Amino acid sequence: MARKHTRFVESDCGPDLVLRHRRTNEIFCVECKFRSKLYKGKLQWSSPEQLGRYRTFAQDNLVPFFVVIGLGGKARKPKRMFCIPLEEAKYSAIYPEMYKKFERDPKKESAIMRLDEVLE
């Protein structure tokens, strides 16, 4: 994965979003990613080091953590979308058999809000 910079940025340790569920008042985190294609048949969504930092953040803060990944198309309009609980994303590169079960329709206006289904 190419980076725009090589220096360590502390803000990269945590998720993109920290949200509160309106009905339950539960706090949860979301990391957003986009990949234009698979790499060697896998979805390379993170580096192993970054995955470790996400896990540490989730454990230290005792919050559910989700990775939302757009795949194919454009970042603002992906062809496919997956909402994966961090504990299910055991590796920085994951096979289709694993991430397909977390697929959501990116065309639905409420696709991101489907996190409700995962939290309940």
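Tutor: Let's start with the contacts, meaning heavy atoms within 4.5 Å. Among the contacts in the protein with a separation of 6 or more, 54% are between residues 24 or more positions apart. This is a predicted model, in which local features need pLDDT of at least 70 and side-chain atom pairs count only at pLDDT 80 or more, while totals for chains, interfaces and linings use all residues. Residues are numbered from 1 along each chain as its sequence is written, and side-chain values use heavy atoms, with hydrogens and water left out.

The protein has 3 helices and 7 strands, where helices (H or I, at least four residues) and strands (E, at least two) are DSSP runs numbered from the N terminus. Their order from that end is β-β-β-α-β-β-β-α-β-α.

Now to the part you asked about. Five strands make an open sheet in the order S1-S2-S4-S5-S7, with mixed pairing; two strands pair if DSSP finds at least two bridges between them. The edges belong to S1 (17-20) and S7, each of which pairs on one side only. As background, strands of a sheet pair through backbone hydrogen bonds, either parallel or antiparallel.

S1 and S2 run antiparallel and are joined by 4 bridges, with leucine 19 finding its bridge partner in phenylalanine 28 of S2. The hairpin of S1 and S2 has 6 residues between the strands, and asparagine 25 there takes a positive phi near 70°. Next, S2 and S4 pair in the parallel sense over 7 bridges, and cysteine 32 stands opposite valine 68 in S4. S4 (residues 65-74) then runs antiparallel to S5 (residues 77-85), with 8 bridges between them. These two strands form a hairpin with 2 residues between them. Lysine 74 stands opposite lysine 77 in S5, and phenylalanine 66 stands opposite proline 85 in S5. Finally, 2 bridges join S5 to the antiparallel strand S7 (residues 103-104), where arginine 104 is the bridge partner of methionine 81.

A polar atom of the glutamate 31 side chain lies 3.1 Å from the backbone nitrogen of aspartate 16. Not counting residues up to four places away in sequence, glutamate 31 touches Gly14, Pro15, Asp16, Tyr54, Phe65, Phe66, Val67 and Val68.

The aromatic rings come next. There are 5 aromatic pairs in the structure: rings of Phe, Tyr and Trp (its six-membered ring) pair if their centres lie within 6.5 Å, and planes under 30 degrees apart count as stacked, over 60 as edge-to-face and the rest as tilted. Phenylalanine 28 and phenylalanine 66 have ring centres 6.2 Å apart and planes at 85°, so this pair is edge-to-face. The pair links distant parts of the chain, with phenylalanine 28 in S2 (residues 27-35) and phenylalanine 66 in S4, 38 residues apart. Both phenylalanine 28 and phenylalanine 66 are buried. Phenylalanine 57 and phenylalanine 65 also form an edge-to-face pair, at 6.3 Å centre to centre and 80° between the planes. Phenylalanine 57, at 24% relative accessibility, counts as partly exposed, whereas phenylalanine 65, at 2%, counts as buried. Together with Trp45 and Tyr54, Phe57 and Phe65 form one aromatic cluster.

What packs around the strands? A nonpolar core is a set of buried Ala, Val, Leu, Ile, Met, Phe, Trp, Tyr and Cys residues joined through side-chain atoms within 4.5 Å. The largest one has 19 residues, of which Trp45, Ile84, Leu86, Ile94 and Tyr99 touch the most other members. Helix H1 (48-61), S4, S5 and helix H2 (96-99) each supply at least two residues of this core, and S4 gives the most, with 4 residues. Leaving aside neighbours within four places in sequence, the contacts of tryptophan 45 include Leu51, Tyr54, Val67, Ile69, Leu86 and Ile94. A second, separate core of 6 residues includes Phe28, Phe66, Val68 and Met81.

Conventions: Buried means under 20% relative accessible area, exposed over 50%, partly exposed in between (1.4 Å probe, protein chains only). A polar contact is a pair of N or O atoms within 3.5 Å; within protein, one must be able to donate a hydrogen and the other to accept it, and residues adjacent in sequence count only if both atoms are side-chain atoms.
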